[in-house]
Amino acid sequence: MSRHFFERFCRAVAFIAMLTALIISWRASANGVTNDAGRLVVAIADSLAVDSLEGMPVLRSAVVKYASGRAEAARAGQGGDTLVLSLGMVPSTPLRAALGSVRASGIPLVWRDETGARGLAATVSRAAAPGAPIDLRVATARGVLRDAPGEAPLVLRDAGGVLDSLTNAGDVAAWRLGSATEQLEVQHGRARVRVAVPDSTRVRRLLVLAQPGWEGKFVVAALEEAGWLVDGTMRVSPTGAVTIGSPQALDTARYSAVIVLDSMAVDAALLTRFVNRGGGVVLGGDALRIASLAALRQGRVSVLRGAIAGALLTDAPRRGLEAWELEPTPDAVVLETDRGDHAHAEPALVARRVGAGRVIAMPYHETWRWRLQGTDEGMASHRAWWHGAVVAAIGATVPVRVAGVSESHPGSGAPYADLVARVGAPAADSVAEQGGSTRVDERARGNDIPLPLYGWVLLGTALLLLVAEWTSRRLRGAR
Amino acid sequence: MSSELLSAGQVRSGDLLTTLEQLRRARHAVSVGRRLLLTLAGALAVFVCTRLLLAALSVAEPPEAGSAAHVSVPLLLALLVAAGVWWRSRSAAPDLARTALWVEERQAAVRGARPDFALTTAVEMLEQHREVPTSLAQVAVGTLRASPTLGALKTERRLAWQWPLLFVVVCAVLVWRDLQRPEVGAASDGQSASRGTTESTRKAAVVAPLGAWRVRVQPPAYVVQPARSFDDVNTVPALSGSQITVSGEGQEPTLEADVGDSTGNAGASIRATANGWLATMRASAGVQTLRLSRGGRTRLLIVEGRADSVPRVSLDAPARDSVFREPAGALPLAATAHDDLGLSRAHFELIVTSGEGERFTVRTVLLGEQRWSAAAGNREARLRGQLDLAALGLQAGDVVHLRAVARDAHPAADREFGSSETRAFRIARPAEYDSVAVEPAPPPEVDKSLLSQRMLLMLTEKLDRAQPRMPRAEVVRESQKIARDQARLRLAVGDVVFQRLSGESAAEHAHTAGDGHDHGVDLQGGKLAMSTSSTTGMLEEGNDSPVIAINQPLLEAYNAMWDAGRALEQGDPHGAIPPMKRALEAIEKSRAASRLYLRGRPPQVIVDIAKVRLTGKDTGQVTVRSAREPLPTLTAARDARLVRAAGLVATAPAAARDSVALLRAESLVDAPAFAAALGNVLAAFERDGDATALFVQARRVLGNVSRTRATPWSRGVTP
Amino acid sequence: MSAPFVFATAQYESGDWDSAPMVPANIIDSVARYTQLPVRPQGVIVPLSSDATWQYPLLYLTGHLPVRFTARETEVLRKYLDRGGLLFIDDHNHDVDGAFNKTAREEIRRVIGPLVPLPNTHELYRCFFVFDNGPPTTSHEMNGWGDNLVHEQLDAVVKDGRIRVLFSNKDYSSEWSFHPDNKRFLSVDNTRFGVNLVVYALTR
């Protein structure tokens, strides 16, 4: 009696296993749905992390299915299919490249934007200055996509943790970092950008054109204390001069910037050539009155504005210095302003591009007083001010040409923009909805055993059970 | 009945059987012995082989001797095999018939003939209780007697038992020794031990990691303070020169001492004591770290040394400098001294300078000395004294500089002492009182003329207000008095404004308008222009050097005073007021512009730059300036270290805490805000709280990250 | 042109700070004679206790009487020297046992640190004129005035490679106390070292 029961049991279980295997294999093949309109919709939902390759197999299988579907459609005489993607998160760099190449291969690709991400782009450059400060600029595009309610903060972090966090950042935020780990990450809501910090490059020297005096002495001192190597000559008498460093011919290979401090005779042609080739020039104080440098200057210089007595000891020390009134030209950028009289901001540092180089104008007269007559922090502030002015004048890291590779896409610094550049702008909802798509949510699959494997297991089990049942029967003697 | 069938003189069947029985037993014993031998041999062989096999399989981890697996498994196997062998080698016990057969075969083998089986038959018949024929019995007995079986059997038995016994004993001894030895598989036949650790290294590998310690701080001898003990701290404050001893239990750890601020040899040393170990070092004035490591654990002790500060002294009385007409009288002196640890002595110090011009003599006098013992530990003291001017033997023109000085108990020879401000007292010269006394302290500046001008203005205004009520003559008289004062003041200003190149002092005489002197400076109605054409303004000295005006605001004041003076002399106080106000303003302006020296002897020489420019014979050479060293920037390095320490928090919190403590100690001097932020991190560690936010804060305080203004310019500029 | 150089004499409370009134004019004259540096024809006097000290990064201090700085003067001088000013002190007594030398050294030690001898190979002696043997000897030294010593070296407090305080026992105050016009009578101008000092201050 138990024998019969055993055989019946085997038969039943084998039958169930085979049925299940059949169902599973049928469902696996239903990953893509071909609908009437001949579109293949692939939904890549939130389970795909930004930095992983999990989407690749899905994409691969979708493209394969698409290709076969297209072949059928061609046989059936239907029109071309469109591959429609629905992206829940901005895909990672390799996935973006894959999508770009899919599109480039001629397969029409349309994608639906469900990332909810804001446009975010970051650039990093490293000044060729002592200490190699890192300049980071982050631009956000608000209002372009569906905005999440509430303004998320702009968070800057590196491998060591959060560096800074800004709320109400505006469209552009900028930082200067003394040092950071190799990767910087900026996060704004759900958008995240990673940039690699470039290596520091060789720091070139500075040339100072000044006459012997307190301004020349203390500006050179401040720059040397900040870490610069300074060259120059100060003429004391017809036969006597003081040589600073080892001045050589003005060349962009040796000098990154020239600092002119006094109203003196300079070789304007040489200086102009230097600037046009990428060097920087800082015109400080009376140097703005040199007539031969009018072409480089940021604007007209009119009168000398008097100093406010005692201001050197306040939190706006530059108002305690005499300054030339500068009217910037339209193409000049005012980098720093000081509070002037009548709520009128006076330009403190004005920059202008000339050729490949930059010219910085600093209209303050006798800035050494800031160091000697200011507060206890005046010395450090004066040094930092001059250092900042010089860094603003010099170029960024020298670009290295890599033959053959021309990257015309924004790259990982701006992932959303990169996606749009490669794949095109996201489609409006109506276009994608036409297909009556069926979304397959892969989230349920998670980390389970890959689908097809279940079928094989079940099939094997069924086989074994049938064999066992047959053996039992034969042993019993029945046929 | 069989026994009766045998004839007399022959062995009875009972004897036959008995003998055979004995033989049978002996033979049985021999076979048992052989079986035993076989079993034992098999078992031992299996045991040894299994142990060798197991040792070869587990060569990676040499097991301890006598481990369960390596004994029980072979033993089990051996027993199994023994049981199998015993079972297989069983055989039926020999019965009498077979024994008889054996005897006969033995006999036959000795005689070299076939056995005749008489004995066997007889025994079988006897066993079946049948009658044995006499002839058979005789032959049987004969056979039995003839074979020297018993003796041989005995020998055989002995041999059979002897060798196996010996073999077993030897094997057992070897096996026992093998089990006792720590090596595996080295047992039998004296094979040498091949690999494995020795007894001593097994014991040495266990070193206890560094545990808690006790710190004791003994202040230097001159500070009479008791020693302090701390239990297991990581930071200890100490006075410079204190002796720090760290003691703990166990083995002596290795020592590294870092002198954070190298003011000399730390002189740290460590030695083992009866109870453990003892490390000693001497604290300096800065931060030092002591690193001890043992058993894979390193601990840091940070010694925050502080220097013994110099006493602070303030001179309470006398309160200001003074001039004495005569060296007589007594000045009360009072001073207060404070020290952080204890004063040792204090006194007033006087420096008396006599002489004039280029010849001066100096002597030093000490007054009112007080001493205290170090044990008293006086932190505050008041000094009192009396300065008797007559006793000092002062002369006219001498200057006395007075200050209070205090020393603390620090034993160094070149130790700094604390001193107060200095008061200066001068004995006036008799000649000074004949004319306007000139104070030796800061000269009266323009302020004095300012005050005078203001006073004159006030007088004039008062006169102007009173004018309607006064008779005209009186008004004129008063107004001319004011005019004289104004002129005096004007000339004082004029002396400054108009300089001569002669190098001789201007005559300090006050001239007024109507005093009869020829004022060469009176030109163009009294107003002087800044022109070199005024060389015709000669003074009575008759020198021919030109007069040049150098101070524009004072020139204006001069001119205004001139106008005012003229108006006053004409008896018009009302008309004099506006120019007086102008003069006042001009003087104030010149006061703000630069400090002027309006003392009795103004600087006399003004250099004519244009005339002497580059007229020297020599104009110097080209020289090279030495460059300034850049200031060290530790920010980036500290940031990297902080990031590494933060990364260690999850895996090795003790190491992270030590790294942070070390970083804090190093930045106490030049980055106190950063050190304070790190102190917060350490406090969070103590509380076992989450230090993540504090790490971020410390990073920000370091100043590595600064927000710049996002201008269209590609380079940020820090505001 | 850069702003003109102004020679500043330090005025301190405790002694005769004005004992050498001719020195400023003499130095100004020499600077004009040998260099093309713009210079103001007259020097100024700056009280050490006032903030005006910081407007003149080169200060000259001399005297015969003991030097004792008040608390305010100490504070001002310390900041002045930390921020980059240069103080030149000359002992008008020319006497190492004299009150000025001893007290001035002590005061400087309290303000910034001890004075150490300045090697005669320092760039101060080569920055405009070359003085191979270090500081030039003064006639007062040669005449055996004061302490009867000829001082071979000047003393200085040097920090970060720059002289902060230069101390002279050689009595340059007396040496330079004459009318500049009388230079024409000298075969060797003994004020040239003053020019070195000014050039050092203006360019280093």
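Buried area is the accessible area, taken with a 1.4 Å probe, that two parts lose on being put together, summed over both. The structure on screen is a predicted model, and the tour starts with that area.

**Stop 1: chains B and C.** Select chain B and chain C together. Between them they bury about 4400 Å², and carbon and sulfur atoms carry 52% of this. The contact takes in 48 residues of chain B and 53 residues of chain C.

**Stop 2: charged and polar pairs.** Next, select R109(C) and E416(B). These residues form a salt bridge, with 3.6 Å between the closest N and O atoms. The count of salt bridges between chain B and chain C is 4. Across the interface of these chains there are also 20 residue pairs in polar contact, both residues being at pLDDT 80 or more.

**Stop 3: the chain B side.** Now hide chain C and colour these elements of chain B: β13 (343–356), β14 (359–371), β16 (399–408), α13 (609–612) and β21 (622–625). Each supplies at least two residues of the side that touches chain C. That side of chain B is made up of 19 nonpolar, 14 polar and 15 charged residues.

**Stop 4: a sheet from chains A and B.** Move to the open sheet of 4 strands, ordered β4(A)-β5(A)-β8(A)-β22(B), where the pairing is antiparallel. Its edge strands, β4 (119–126) of chain A and β22 (705–708) of chain B, each pair on one side only. On average, neighbouring strands here are turned by 20° against each other, direction ignored.

**Stop 5: inside the sheet.** Finally, select β4(A) and β5 (134–141) of chain A. These antiparallel strands are joined by 8 bridges. R126(A) stands opposite I134(A), which lies in β5(A).

Key. Residues numbered from 1 in each chain as written. Chains lettered and ligands numbered in written order. Predicted model: local features only at pLDDT ≥ 70, side-chain atom pairs only at ≥ 80, totals over all residues. Heavy atoms only, no water. Contact = heavy atoms within 4.5 Å. Salt bridge = Lys/Arg side-chain N within 4 Å of Asp/Glu carboxyl O. Polar contact = N/O pair within 3.5 Å; in protein donor to acceptor, adjacent residues only side chain to side chain. Nonpolar A, V, L, I, M, F, W, Y, C, P; charged D, E, K, R; others polar. Pairing = 2+ DSSP bridges. Axes fitted to C-alpha atoms, helices over the stretch in contact; angles between N-to-C directions.
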